[in-house]
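Here are my notes, written as numbered points. Have the model open while you read them.

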Amino acid sequence: MWRRVYFLLILVRIYFALSPSYLHPDENFQGPEVIAGRVFSYPVHETWEFTSANPIRSTFPLWLAYGWPMYMLRWLWEGFGYEVSPSVVYWTLRVLMLTLSVVMEDWAVHELVESPRARRVAVPLVASSYVTWTFQTHTFSNSLETLLKRSGILASSMLGAMVVVGVFNRITFPAFLLLPALSLLPHFQRKPFSLAFLTAFALFTAFVAICVDTAFYTLGEFHFANVLSHPVVAPFNNFLYNSKSANLAQHGIHPWYQHALVNLPQLLGPAFPLLFMLRRAHASPMLISALSGIALLSIFPHQEARFLIPAVPLILSSIQLPSPRFKKAWIATWVIFNVFMGVLMGVYHQGGIVPVQMHVAKTDETVTHAFWWKTYSPPTWLLNGKNENLTTVDLMGVPGEQMLARVQEVLPPCRTRKPPKIEGAGATYIVAPRSAHFLRPYADISKREEISLDEVWSYRRHLNLDDMNFADDGFWTTMARVVGDRGLVVWRVTRNCWATPQS
């Protein structure tokens, strides 16, 4: 029975992997966008982590995860005489993350849970979590961290390399390995050559990673002498950056209990209370790894829920279901929670951003400016080269009047009663959620506003959860606006030269 359930859950995972939800800008800007710019020469936006004098993001794990499939795609497509479109790359990476999730993560659960009876519970639990459906199938460094951690502890001969790759991927990686690694000490005492081999393999991998990063960040021609004179050690730069509280304050300061009391319940849902029902005798190495990792990560004041992704499958593989008296009720609650969160995060959460960029990439209309308002930062690498002539302006959550002022700066001025025809001029777009009611008057042709908005295209499955105003509008009014008017809209902006100010 549980095998049929597991197969059904694989189909559910495929569905969410092929849904274009957008969980966090980092899934593009700290991964595929950087590598796609080098492999395909797409015009891309590199964030400050990659452009600062002391880069804090290593590209070494990015090349391992995303570089080789991109090179394979380029080789195959160019072999048939075609250019690779960004949409093909995007969906290929989604399928890749889905495959790694099924092959490596699920296989690791099979290997780590020794009892067949416990395995029949652990595997479906991990496979039925919305974290597995959504976060783990997206191109997050946290998702790679989960796969690396699980792979690394399976083969001691590769442990050194996997630890180094994990550290270069995220400096928080050792937090989940620190206590479980202590169990290897007796093995190293019996076989000291194993420790020597692992150390040598780790040093070699670190040297390769430093060479790759130094080559990536070196302007002009790279020579191995640069590794000795000006090496780029991204994890060390990352540690120095995060050790300063002023830097962390720019990304948000959270209380020390944020992970334990807010983020973990958000990820585990009904499974969270089961942690308090475990006896000390049931504390498996996986559970110790998860809890010790969460405790160490709680030391840092900047705490996001996605940082705990590696802990979720470890915990779900360790908990025990409630007694038969409450088991059916708990399973029903677990299903409802994960279906709700899966649809919310895996389908609707900022779900229109990627489809809009893919639409703009295919449109025949010349577009010179696209102003994005009240959305996550749009991944410009999906524009398929159109961003050479298209300026993307990310206005995030600025006030509406300020947004319109920025838009009007690029619109043709009114010199006559009709808008002037400028050679080479293109359209100006505003991309905003339909729930942004501030724009409604400008889309109404009966209103005599300075600008008009014409709807060009829209994507219905989009929710903007960062535009909640419960304090002023109340709960039901806010939910009716955000959920009822869901969708992301592309508006073409024109200046109304006939609209003269009233005297």
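1. Start with the buried residues of α18, where buried means under 20% relative accessible area with a 1.4 Å probe and protein chains only. They are M286, L287, S289, A290, S292, G293, I294 and L297. Their cover includes α6 (86-112), α11 (178-181), α17 (258-268) and α19 (311-316), with contact meaning heavy atoms within 4.5 Å.

2. A word on ground rules: this is a predicted model, where local features need pLDDT of at least 70, side-chain atom pairs count only at pLDDT 80 or more, and totals for chains, interfaces and linings use all residues. Residues are numbered from 1 along each chain as its sequence is written, and side-chain values use heavy atoms, leaving out hydrogens and water.

3. Now look at N464, in the loop between β4 (451-459) and α24 (470-473). N464 is buried, at 3% relative accessible area. Leaving aside residues up to four places away in sequence, N464 touches Q350, K374, P433 and V482.

4. What does the side chain of N464 pair with? There is a 3.3 Å polar contact with the side chain of Q350. A polar atom of the N464 side chain also lies 3.2 Å from the backbone oxygen of K374. A polar contact is a pair of N or O atoms within 3.5 Å; within protein, one must be able to donate a hydrogen and the other to accept it, and residues adjacent in sequence count only if both atoms are side-chain atoms.

Conventions. Helix = DSSP H or I, 4+ residues; strand = E, 2+ residues; numbered from the N terminus. Buried < 20%, exposed > 50% of the residue type's maximum accessible area, 1.4 Å probe, protein only.
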